[in-house]
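Dear colleague,

Please find below the structure that I am handing over to you. My notes on its aromatic residues follow.

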Amino acid sequence: MNYFLKTKKQIAFYCLLCVTISFAQKSSSATDVIEIRIHPETKFQTIHNFGASDAWSTQFVGKYWPEDSKKAIVKLLFSTENKEDGSPEGIGLTAWRFNIGAGSTEQGIKIGKIRDEWRQAECFVTADGTFNFNKQEGQQWFLKAAKQFGVKTFIGFVNSPPVFYTENQSAWSDNGMRSNLLEYNYKAYADFLSEVVKGVYDKTGVMFDYISPFNEPQWEWECCKQEGSPWTNEEMFQAIKAIDSSFEANRISSQIELTEAAKINYLYTTADKPHRGNQINYFFDMKSKGYVGDLKSVAKKVAGHSYFTTWNSKTLMNTRKSLNDKLSQTDLEYWMTEYCVLEDNSEIKGGGRDLGIDAALYVAKVIHSDLVFANASAWHWWLAISPYNYKDGLIYIDKNQYGGRFYESKMLWALGHYSRFIKPGMQRIASRRVDNKSDEETISEVLHSVYKSDDELVIVFVNQLHTNKTVKLSGLPKGYIVSEMYLTNTEVDFNLKKIKTSKTINNIQLPQRSLVTCILQKNKS
């Protein structure tokens, strides 16, 4: 009998309690709704592309792996087609970075000393100065595949000049303090790049839009993990002049991409590299002795890498805001041209593959921060295909030169939430939370950014919380409705899935630990 309500008084109290609980639940639910106000009249950067690098696995995958495996991999990277259920086949990358090798492969481990074959690279030029464009065959296969899938922007980047031109005849540095390229070979290096542009075009039909001659010049690049060379700003200045002259003499349309800074703070401060930092001022301040902004071949942008600036949240935001403050004083664009998870912190560690949502959400937070706080016009991942037990791959493969299995990571699909739908030429526009929560308060919870073309809006949401959220939109141009929605969540195979939508702007569901991309278009009915 103790389990039953025996009096009217008890019944009344119970009913009142139920109403109170119900009201509290509804009130709590209401506070879970996040209102985002769009300000389409306030425009920021124009987005040019999203990309990844072919280093280093494509040299084997493209040359030796079975055709069906290769085709499946390139479809994941470049396809803009949809499956039968309307979900994307791939992430639709719009840029591709090609590693121009230095020749450590031909040297082998005994002479070249780079211990991992997968981090060596062939070279188009030989010791006697002749060129062989049958080299880097696997990489060129992917280059042609990217072009066939409609990729428009191609970058050739160099880790080390050819070993025949370097001081120690190796693809790594003896001293870590200065360029490994002998000064009297600057012209030879410049002419090498001109020949590579022409030779690769003749072989593949791909014209490099940009050549990046100095990758992460702040690092020492000593023996013997991979190809690389340090550069001081003065050395880069001398080499840039030689490259510009060679490009002009050879009628090369490619532009020189600067500066590929190893960390973004090297762009606007000297930091711990007094002769290799403060690169915006050094190369683009007209009063600087290293000014190259008037050279025809130099692109009006700076490139940097997001490594070692993503933790903690204050560092993540402040470094990018400082970079944007500096760039706002110039007419330069900013391209983020390389990132994977390197640093270890209390939220994530670089070591160990993570095909799941945790790494994907961390990467999405970095992408968001680079686009929103640094105003990046392009965003590029590091290894498109990785054989390593590390958080460096969009697609992972068995470390077998001649074939094996491949594995999709949710980091692939996290990038796809941006790359598949934010088309080149779209502009990021202003938006804010109506509750006026600050960047500091929201950087680790629900993120959003908005991009506009003439007839379409794309909104990317990143819900890092362990609770579901609901979003309503306000301030939209008249007549816009949610036309499509795509979701990546914690489920293994739930990646960039097209999901049903009510078309309303007042009830957008963000499941816990997920990414959601909304496409909004004018209602034609």
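Two rings of Phe, Tyr or Trp, the six-membered ring being used for Trp, count as a pair if their centres lie within 6.5 Å. Phe-98, Phe-124, Phe-131, Phe-133, Tyr-165, Phe-192 and Phe-208 form one aromatic cluster. Please note that the model is a predicted one.

Across the whole structure, the search returns 28 aromatic pairs. In one of them, Trp-96 and Phe-142 are stacked, because their planes stand at 20°, and planes under 30 degrees apart count as stacked; the ring centres are 6.4 Å apart. This pair links distant parts of the chain, 46 residues apart: Trp-96 belongs to strand E3 (residues 95–100) and Phe-142 to helix H5 (residues 137–148). Both Trp-96 and Phe-142 are buried.

Another pair, Tyr-210 and Trp-335, is edge-to-face, because the planes are at 70°, and the cut-off for that class is over 60. Here the centres lie 5.2 Å apart. Since Tyr-210 is in strand E5 (residues 210–212) and Trp-335 in strand E8 (residues 333–338), the pair ties together parts that are 125 residues apart in sequence. Tyr-210 counts as buried at 15% relative accessibility, and Trp-335 is buried with a relative accessible area of 2%.

Elsewhere, Lys-70 lies over the face of Trp-141, at 4.4 Å from the ring centre.

With kind regards

Key. Residues numbered from 1 in each chain as written. Predicted model: local features only at pLDDT ≥ 70, side-chain atom pairs only at ≥ 80, totals over all residues. Heavy atoms only, no water. Helix = DSSP H or I, 4+ residues; strand = E, 2+ residues; numbered from the N terminus. Buried < 20%, exposed > 50% of the residue type's maximum accessible area, 1.4 Å probe, protein only. Lys NZ or Arg CZ within 6 Å of the ring centre and 35° of its normal.
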